[in-house]
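We will go stop by stop, with a note on what to select each time.

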Amino acid sequence: MGLLIKNGEIVTAADRTVADLYIENGRIEAIGTSLEKRAARDEVIDAAGLLVLPGFIDPHVHMELPFMGTVSADDFESGLASGIAGGTTSIIDFCIPARGESLLSALATWREKSKKAVADYTYHMAITGWTDKTADEMKIVVEQHGITSFKVFMAYKGAIMVDDGELYMVMKTAAKLGAVVTVHAENGDAVAHLQKELVAQGKLGPEFHPVSRPSSVEGEATVRALMMARLHGATAYIVHMTCREAVEALERAKLAGQHCYGETCPQYLLLDDTVFNRPNFEGASYVMSPPIRPGHLGHHDALWRGVSTGMLDSIGTDHCPFTFEQKKAGRDNFTLIPNGAAGVEDRLVLMHTYGVCEGRFDLQRMVALGATNPARIFGLYPRKGTVAVGSDADLVLFDPSATGTRSAKTHHSKADRNIFEGFKTKGAPVKVIVNGHVRYADGKLDVQRGAGRFIARKVDRSRVPNPVGVAEMGRVG
Ligand code: URP
Ligand code: ZN
Ligand code: ZN
């Protein structure tokens, strides 16, 4: 059975056009005016007055992640269902081996837990240490499994953090493979010392979490990560950027011609560090790393400027929810609070409300930041991330005039807190179509466990090797 969507305003990263779409077998078959049903059984949706957006792609989520002694509360079913309700129709999760574990064994674990996915997904492969097998396994992951992006954590010392030597090897190997390296940039050694000192002084509440991870710690690590990428001509993508120092480092690298990308998340644009002072340990709900920053030091301005001008390339969420009960592991010591919060369902409406409606960027840029750029950077384009003939029929029918309020009472994540609780919003997904099926309509989800597919990707050879670093070093390889 086909699906005909009539009279909607299609928004891509480039254009806005009123047109009809015909969908069959999960793909967009035709876009044009006055399209007709092709079979009597075809379903017709009148989208007059609605925007037709490509399904949003969240390039940064953690479903069912074992982390800090517990496991994140959403799995590939509940987390992706929550995403669909918010207009996100595909995700990039992180496959994270334990330190010393083989990449391929971790990949088997992730493939198994993703079987219940209700929308399409892929992974970034984390490198959490370096052995004599890692380079070979990285090649296998790229060439045989279609996973063309890696992840390094420069923080979480004693757990998944890599040191500079390991970072060097990851960048070197990824450059040869033409893979992107995503980076959590914080100086993990400095954080570990600061945490120890604060705890020794009896400073144990969630309000000390940001004190243990100041913005300079993130700025320095961003510079270091970009330098390591540059040495080898690797393409770096800095995840969850929160502060002015980090944005300025990325800006300098881009202006020098380096191929690199930056992501931020709604919480870093919209919240400030007063959240950590909430009474009754509620500040713990906002504990994530890097931390939410103060409102008065130029961080928010730098991030908004970055997303408005194109210096920052994407808005992800770092969806990694823990229930309040889970957060209580750090009741007596903030360093033990599981780091992370929900966000996959909130992103699109927050971008629309606080980005588009407040005049910071236009609809096309909203689509670029939330769908097209992640798809392009990570090799999902044009199958995902745009509205075009031949693309997967992942679409959001979006009512730009609907109003709402974010709340844990109404979201679909298993998180029992919403860090945007009470935020008023403008615009809402009315229907969300995933691979040609209407999976969310008028407030109701109709998802199918296991319907999501792993999407294998290919390396973009046009960015290998990145010429800036190579010219600077006077060598190739
Ligand atoms: O606090 C966070 N961000 N938790 C998830 C893991 C990570 O660092 O992305
Ligand atoms: Zn991180
Ligand atoms: Zn993350």
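Start by selecting the zinc ion (ligand 2): its site is irregular, with angles of 57 to 152° among the four donor atoms. Donors here are N, O and S atoms within 2.8 Å of the metal (3.2 Å for Na, K and Ca), and water is not among the atoms, so sites may look incomplete. As for geometry, four donors count as tetrahedral if all angles lie between 85 and 135 degrees; four count as square planar and six as octahedral if opposite donors are over 155 degrees apart and all others between 65 and 115; anything else is irregular.

This is a predicted model, in which local features need pLDDT of at least 70 and side-chain atom pairs pLDDT 80 or more, while totals for chains, interfaces and linings use all residues. Residues are numbered from 1 along each chain as its sequence is written, chains are lettered from A and ligands numbered from 1 in the order in which they are written, and side-chain values use heavy atoms, leaving out hydrogens and water.

Next, show the side chains of His184 and His240: their ND1 and NE2 atoms, respectively, are the protein donors of the zinc ion (ligand 2), 2.1 Å from it. Histidine 184 sits in strand S12 (residues 180-184), and histidine 240, 56 residues away, is in the loop between strand S13 (235-238) and helix H7 (244-255). Helices (H or I, at least four residues) and strands (E, at least two) are DSSP runs, numbered from the N terminus. Are these histidines buried or exposed? Histidine 184 is buried at 1% relative accessibility, and histidine 240 is buried at 2%. Buried means under 20% relative accessible area, exposed over 50%, partly exposed in between (1.4 Å probe, protein chains only).

Now move 3.8 Å across to the zinc ion (ligand 3). Its protein donors are His60 (NE2), His62 (NE2) and Asp318 (OD), at 2.0 to 2.2 Å. The arrangement is tetrahedral because the four donor atoms subtend angles of 86 to 134°. Along the chain, the donors of the zinc ion (ligand 3) are spaced H-x1-H-x255-D. Histidine 60 belongs to strand S6 (residues 56-61) and aspartate 318 to the loop between strand S15 (314-315) and helix H10 (324-327), so the pair ties together parts 258 residues apart in sequence. Histidine 60 is buried at 0% relative accessibility, as is aspartate 318 at 9%.

For the last stop, select helix H6 (residues 215-232). Of its 18 residues, 14 are buried, so H6 is mostly covered. Just after H6, click on glycine 233, which takes a positive phi of about 75°.

Technical notes: The expected span of a helix is 1.5 Å times one less than its number of residues.
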